[in-house]
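I opened this model to take a few notes.

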Amino acid sequence: WSVVSTRSTRQPTASHAWGNVRSIADGVKANSTGLPVLYLPTPDPTAKDVAADARVSLSFSEAALPALLTPGVGTPCAGTDAEDPTCARITLIGSLKKLDGVEATKAAYDLGVRHPLAPWLASGGAHTGGAYFRIELDRVVFLDYYGGPAHLSVEEYLAAPTPQ
């Protein structure tokens with residue numbers, strides 16, 4: 001999951017930010033792309049915001065990754081606080097692009113592998129309709145140590161090796 005930040009269409013002025021937790025996937029294992037996809041039900045506040053302005057920020061924290069729990073300890077980030085700079089976090093900044101056809105089918109599969117309720121939502125379980133989206137990156141900000149974040153180019157970010 002990620003916090004998806006948008007420009008709110010429901011606040012008194014359109015300049016207020018809105019953060020919403022959404023399920024995210026970027027491929028499965030070796031097929032990871034680094035370009036997350038998500039499903040937005042039509043009435044979801046984020047879907048309404050994206051319809052008006054597709055610019056988003058996706059924020060991720062190492063603290064949310066159960067695969068990175070310290071062995072035998074059961075704590076994320078090697079036992080540090082989630083706000084400690086050594087607990088890695090990354091923010092992907094760009095615009096969401098609505099997917100259709102083969103791209104939407106692949107997004108549905110990827111989300112279904114990562115998030116068991118995703119296929120239920122997309123097949124009408126939420127009774128609302130919706131669409132799949134992928135981020136088109138403009139910038140990447142990464143923090144994993146003291147001294148401030150690194151600003152990675154999109155090319156540097158996408159060139160990172162995929163864990164197997």
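**Entry 1: the disulfide**

I searched for disulfides and found one in the structure. The model is a predicted one, and I keep that in mind for every value below. The bond is formed by Cys77 and Cys87, with 1.9 Å between their sulfur atoms. I then looked up where the two cysteines sit. Cys77 lies in the loop between strand E5 (55-61) and strand E6 (89-98). Cys87 is also in the loop between E5 and E6, and the two are ten residues apart.

Next I asked myself: are the cysteines buried or exposed? Cys77 has a relative accessible area of 4%. For Cys87 I read 0%. The cut-off for buried is under 20%, so Cys77 counts as buried, and so does Cys87.

**Entry 2: strand E4**

I moved on to strand E4, residues 37-41. How many of the five residues are buried? I got five of five, so the strand is largely enclosed by the rest of the structure.

I wanted to know which side chains point where. In a regular strand, side chains alternate between the two faces of the sheet. I checked each face of E4 in turn. Val37, Tyr39 and Pro41 are on one side, and they are buried. Leu38 and Leu40 are on the other, and they are buried too. I noted both faces as covered.

**Entry 3: partners of E4**

Which strands pair with E4? I found strand E3, residues 24-25, pairing with E4 in the antiparallel sense over two bridges. Within that pairing, Ala25 has Val37 of E4 as its bridge partner. I also found strand E7, residues 130-143, paired with E4. That pairing is antiparallel as well, over five bridges. There I picked out Leu40, whose bridge partner in E7 is Ala131.

**Entry 4: the whole chain**

I listed four helices and eight strands. Along the sequence, their order reads β-β-β-β-α-β-β-α-α-β-β-α.

What share of the 164 residues is buried? I noted 33%. For contacts, I took residues at least 6 apart in sequence; 67% of those contacts join residues at least 24 apart. Last, I looked up the surface. The chain exposes about 9,400 Å², and carbon and sulfur atoms supply 59% of that area.

Notes. Residues numbered from 1 in each chain as written. Predicted model: local features only at pLDDT ≥ 70, side-chain atom pairs only at ≥ 80, totals over all residues. Heavy atoms only, no water. Buried < 20%, exposed > 50% of the residue type's maximum accessible area, 1.4 Å probe, protein only. Pairing = 2+ DSSP bridges. Disulfide = S-S within 2.5 Å. Contact = heavy atoms within 4.5 Å. Areas by Shrake-Rupley, 256 points an atom, 1.4 Å probe, with all protein chains shown as cover.
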